[in-house]
Amino acid sequence: MSQTTAAVLAAMGAAQPYATSQPLALEQLDLAPPGPGEVLVRIEAAGLCHSDLSVVNADRPRPMPMALGHEAVARVEAAGPNTRLKPGQRVVMAFLPACGHCQPCHTGEPWLCVSGAAANGKGELLGGGFRLSHHGQPVHHHLGLSAFATHAVIDERSCVVIDDDIPAEIAALFGCAVLTGVGAVFNSAAVRAGESVAVWGLGGVGLAALIGAVAAGAEPVIAIDPVPEKRALALELGARAAVAPQDVASAFAEHGAPRVAIESVGKGAVLAEAYRTAARGGRIVTVGLPNPADPFTIPAVSLVAEAKTVIGSYMGSAVPARDIPRYIALWRAGRLPVHRLLSGIRPMAEINDALDALASGQAIRQILIP
Ligand SMILES: [Zn+2]
Ligand SMILES: [Zn+2]
């Protein structure tokens, strides 16, 4: 049994500001040794994602207590029996482990892995049960990772090996923001060069979708967000126009309705607007995670009459072992400026302050260093 210091959420729904309510507590937890196919890793850096905030504010309910964090880069320190990974290897984590044996895994759709989704829903590792405990009581894993920590035990099927030379704060981003946002464009929407793309919401995933659209040769790319600084960044990253939500109609009147509409806000009403304003024959891709009670309402006849397609994109329809190396290669070639998603690098002890910066809409991706 080893130890880790991890950011643990005891209860959802804390009041803001989080700097005062302190929903995440850095606690010393017991860490069981890695089982078959599992590794003990030392976390180098972990990104704070809106999905972490959605657990804290109960938009995405999870079993409690839970050690949060699902976007990280780490170094393998020890491997369990019958494990492919070796100590010393460096890995980016993917937040849905794929079992390799279920029907979606067999049909090349590991982002739909039945066993991985079931384990994530229960807050367990893919191999079953918990490796984290506090005074003998189990602590749930967040998406098989629990990466806001000094160390973690994770399934090797959550890992993609990467090179040593990528800065930790960049490497971490490939695990969620880039995998999800770029994947929504490349895989879920299969954007072709010259197609028009609009992106609603310029958080980490939305901006990743925007740089993915630019890399895919989309034209024009239109960004929509209420925060002026994020709109300015979108223009620097290659958007033709960047507008506040109330100016969508005039932007589309000028540049044309988008053939591909990407919604990363996580609100049913925004998804409905993306659907309504997309071009006839358009593809509407949603990567946001609305509250389970939030409905998506459209006129049923419009699906046929306007020949639109609504696509739900989970984890960027990614095959992580295929896609993360591709996205890293594009970053190396200067065509995916992933580093522009970074809002700051902070010590893990500031995680509740970082939650406030994320909730305010000002921060894009903050990297926490354990
Ligand atoms: Zn995430
Ligand atoms: Zn599977």
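Reader: How are H6 and H12 oriented to each other, roughly parallel or roughly perpendicular?

Author: Two packed helices are described by the angle between their axes and the distance between them. H6 and H12 are roughly perpendicular (65 to 115 degrees; under 35 is roughly parallel, over 145 roughly antiparallel, the rest oblique). The axes of H6 (residues 177-188) and H12 (residues 320-332) cross at roughly 90 degrees and come within 10 Å. Val-178, Leu-179, Val-182 and Gly-183 of H6 make the contact (C-beta atoms, placed from the backbone, within 7 Å) with Pro-320, Asp-323, Ile-324 and Tyr-327 of H12.

This is a predicted model: local features need pLDDT of at least 70, side-chain atom pairs count only at pLDDT 80 or more, and totals for chains, interfaces and linings use all residues. Residues are numbered from 1 along each chain as its sequence is written, and chains are lettered from A and ligands numbered from 1 in the order written.

Reader: Which residues of helix H10 are buried?

Author: An α-helix has 3.6 residues a turn, so residues three or four places apart point the same way. In H10 (residues 268-277), Val-270, Leu-271, Ala-274 and Tyr-275 are buried (20 or more other C-beta atoms within 10 Å of their own). These residues fall within an arc of 145 degrees seen down the axis of H10, so they line one face of the helix.

Reader: Which strands do the buried residues of H10 pack against?

Author: They pack against S11 (197-200), S14 (260-263), S15 (283-286) and S16 (309-312).

How values were computed. Buried ≥ 20, exposed ≤ 12 C-beta atoms within 10 Å, placed from the backbone. Helix = DSSP H or I, 4+ residues; strand = E, 2+ residues; numbered from the N terminus. Arc of directions from axis to C-beta. Contact = placed C-beta atoms within 7 Å. Axes fitted to C-alpha atoms, helices over the stretch in contact; angles between N-to-C directions.
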